[in-house]
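Here are my notes on the two-chain model you sent over. Have the structure open while you read, and go through the points one by one.

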Amino acid sequence: MRSLLTSIRHNPKAIAGLFILLVFVVMAAIPNVIVSGDPATDTTQVNLGMSGKHLLGTTAFGQDIWLQIVHGARPALLIAIISGLLATVLSVLVGVSAAYLGGVLDDALNLFTDVVLVLPTLPLVIVIAGYFSQHSITVMIIVLVITGWSYGARQLRSQALSLRNRDFLEAAKVRGERSSYIIVFEMLPNMTSLIVANFLGAALYSILTASGLEFLGLGNTNSYDWGTMLYWAENNSALQTGAYAWAVAPGLCIALLAAAFALLNNAFDEISNPALRPVRRLRVAAS
Amino acid sequence: MRFLLRRLGFFVLTLWAALTINFAIPRLLPGSPVDAMMAKYHGKLQGASLHAMEAALGLNNHQSVFQQYLTYLKDCATLNFGISFSNYPETVSSLVGQAIPWTLGLVGVTTVIAFILGTGIGALAAWKRGGKLDSLLPPIFVIGTGLPYFWVGIVLIMVFADINPWLPSSFGSDNDIAMGWNGAFIGSVLTHAILPSVSILVTSIGGWVLTMRNTMVTTLAEDYIRMARAKGLPSRRIMLDYAARNSVLPNLTGFAMSMGFVVSGAVLVEYVFAYPGVGYQLVVAVQNEDFPVMQCLFLTITVAVLISVLVSDIMTALLDPRTRSAR
């Protein structure tokens, strides 16, 4: 664990990702301290440009855009983190048990994973969401978890396979430990960084897919998620009327949050696979 | 051969899974949305249209579920997807058939470009490891993979169609030019394809670059590379014939696996640009609650992804002798 923290400290991508994430976590935790007010309030001043009073201007409904952006951080992070966590748990369950059990069960689980993996997720998600007349955050998370676990399961399975015949696992088997003990206390700790990388990947997938759905109007259109903001911006021709901040700011936030997860994910890939790390120049030789 | 047969088996199995999911979703979800839908359409739909709706939603109460499933499979096999609700009396298959060439052209061509370009850049970055290219590009592409497809489209429209009216922002071609194999129409199609294509390119290329770079970095540590260097082969030849050639295979497998993601992103891009392909049609069908069209489109997209997976499997088999020497 300690060495993991040190590796994070020495990885510029991880630091950049953590910093962006921290900013959004603060936004999500204390939106009312950053800017007070209700994002639904109609100021009766529509389509204002940027100004001191309304940092990013107002929407076609007279709502303050900056206020909505700040309040959008909480649902975005909630969706990303909850569905990322649940999808990772599912990936670990399927991937690691497939590798550990081996044989027919492994083949079956592996086949199942591959089938889920190649099914195009967004069309599937759109179709599922299309049948629901009520769009809530819970439905969204369920759909994201069902479609988002397969990639991680595949990666975890292959790492677990490479661990399976190591000596320390053999030793544990000879000691007579139960399979569940070996999986949880012997195998998983050796896969920490890949599991973390998977969580970050799943969170990235969730934030992008969720905002895509919201943008299509398949989220909760009464909320102030960033994707929903884009949905209203698009429906009110924000671009054509010159309300650029309305169309750009929410998307920029989605992109930044996603970039934070992507950078961290990549950093953890590097941490778990030293071959990928950037080469350090030898300063001694040069001088 | 064994490898290809196994992959063919996988193709059939996945296709069956997709068909079954498509059949099961409306029947498994809580009854209220379906009931609400029926109440909404009550009295508005008649004859074939009502029948299509009932079939799509699984309301054919006089048949058992298993019988319905068989009928459904038979209908899918004969491409009989019924009649569209919102574009009555057009058949679903003809509606979807009109959209397929657009998506095939846009997403197909863009994906191939992204693959070739991304693999090339990735190979170069790995070859010049630690150089300027390698320290600058990967972080940029990592961020690129996190960009929301549709938002990239919105920004491109803003910059290149709105602020600077250089390129068209929506539709597949100009309305006043008749479809046909003539210069004017083809030119119009091409200019309309630029912005959507760039949106897909910008967001999907990063994946290829990073996979290629990471695989090639591992390949470069192999002994046969050191051997090639020791033999004094020109470095160009080592890079292309030794390192890149051996690294492109995992990227090709990755290509197959990520087709689903690319197609998903393309759905949103098509919607942003009102591009008349299957993705745009899918979203419109969902908004109009046009279930027969929705189901047919989901199947079409899935089949397209599965075929591209199969094609990349065949290419892997051709390129990699190990897959041919069957287990």
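1. Start with A:Ile207. Setting aside its neighbours within four places in sequence, A:Ile207 is in contact with A:Ala76, A:Ile79, A:Ala80, A:Ile254, A:Leu257, A:Ala258 and A:Phe261. Keep in mind that this is a predicted model, so everything here is computed from predicted coordinates.

2. Now zoom out to the core around that residue. The largest nonpolar core has 166 residues, and A:Ile207 is listed among those with the most contacts inside it, along with A:Ala247, A:Ala258, A:Phe261 and B:Leu297. Which helix gives the most to this core? That would be α13(A), with 20 residues.

3. Stay with α13(A), and look at how it packs. Helix α2 (residues 12-29) of chain A and helix α13 (residues 244-272) of chain A have axes that come within 8 Å and cross at roughly 145 degrees. The crossing of α2(A) past α13(A) is left-handed. On the α2(A) side, the residues that meet α13(A) include A:Ala14, A:Gly17, A:Leu21 and A:Phe24; on the α13(A) side, A:Leu256, A:Ala260, A:Leu263 and A:Asn266 are among them. The residues of this contact divide into 13 nonpolar, two polar and one charged.

4. Is A:Val118 buried or exposed? It is buried, because 24 other C-beta atoms lie within 10 Å, and 20 or more is what it takes to count as buried. A:Val118 sits in helix α5 (residues 103-118) of chain A.

5. Chain A as a whole has 14 helices and zero strands. Its C-alpha trace spans about 75 × 65 × 30 Å along the principal axes. Of its 287 residues, 48% are buried. Among contacts with a separation of 6 or more, 71% come from residues 24 or more positions apart.

6. Chain B also deserves a look: it has 13 helices and zero strands. Buried residues make up 43% of its 327 residues. For contacts between residues at least 6 apart in sequence, 74% join residues at least 24 apart. In α1(B), the end C-alpha atoms are 37 Å apart, against the 39 Å its 27 residues should span at 1.5 Å a residue, which agrees. B:Thr14, B:Ala18, B:Asn22 and B:Pro26 are buried in α1(B).

7. Finally, where do the two chains meet? 48 residues of chain B are in contact with 41 residues of chain A. The chain B elements that give two or more residues to that side include α1 (2-28), α8 (183-220), α10 (235-272) and α12 (291-319). What kinds of residue make up the side of chain B that touches chain A? They divide into 36 nonpolar, 10 polar and two charged.

Notes. Residues are numbered from 1 along each chain as its sequence is written. Chains are lettered from A and ligands numbered from 1 in the order in which they are written. This is a predicted model: local features need pLDDT of at least 70, side-chain atom pairs count only at pLDDT 80 or more; totals for chains, interfaces and linings use all residues. Helices (H or I, at least four residues) and strands (E, at least two) are DSSP runs, numbered from the N terminus. A residue is buried if 20 or more other C-beta atoms lie within 10 Å of its own, exposed if 12 or fewer, and partly exposed in between; C-beta atoms are placed from the backbone. Two residues are in contact if their C-beta atoms, placed from the backbone, lie within 7 Å. Ala, Val, Leu, Ile, Met, Phe, Trp, Tyr, Cys and Pro count as nonpolar, Asp, Glu, Lys and Arg as charged, and the others, Gly among them, as polar. The expected span of a helix is 1.5 Å times one less than its number of residues. Axes are lines fitted to C-alpha atoms, for helices over the stretch in contact, and angles run from 0 to 180 degrees between N-to-C directions. A crossing is left-handed if the near helix is turned anticlockwise from the far one by less than a right angle, and right-handed if clockwise. A nonpolar core is a set of buried Ala, Val, Leu, Ile, Met, Phe, Trp, Tyr and Cys residues joined through C-beta atoms within 7 Å.
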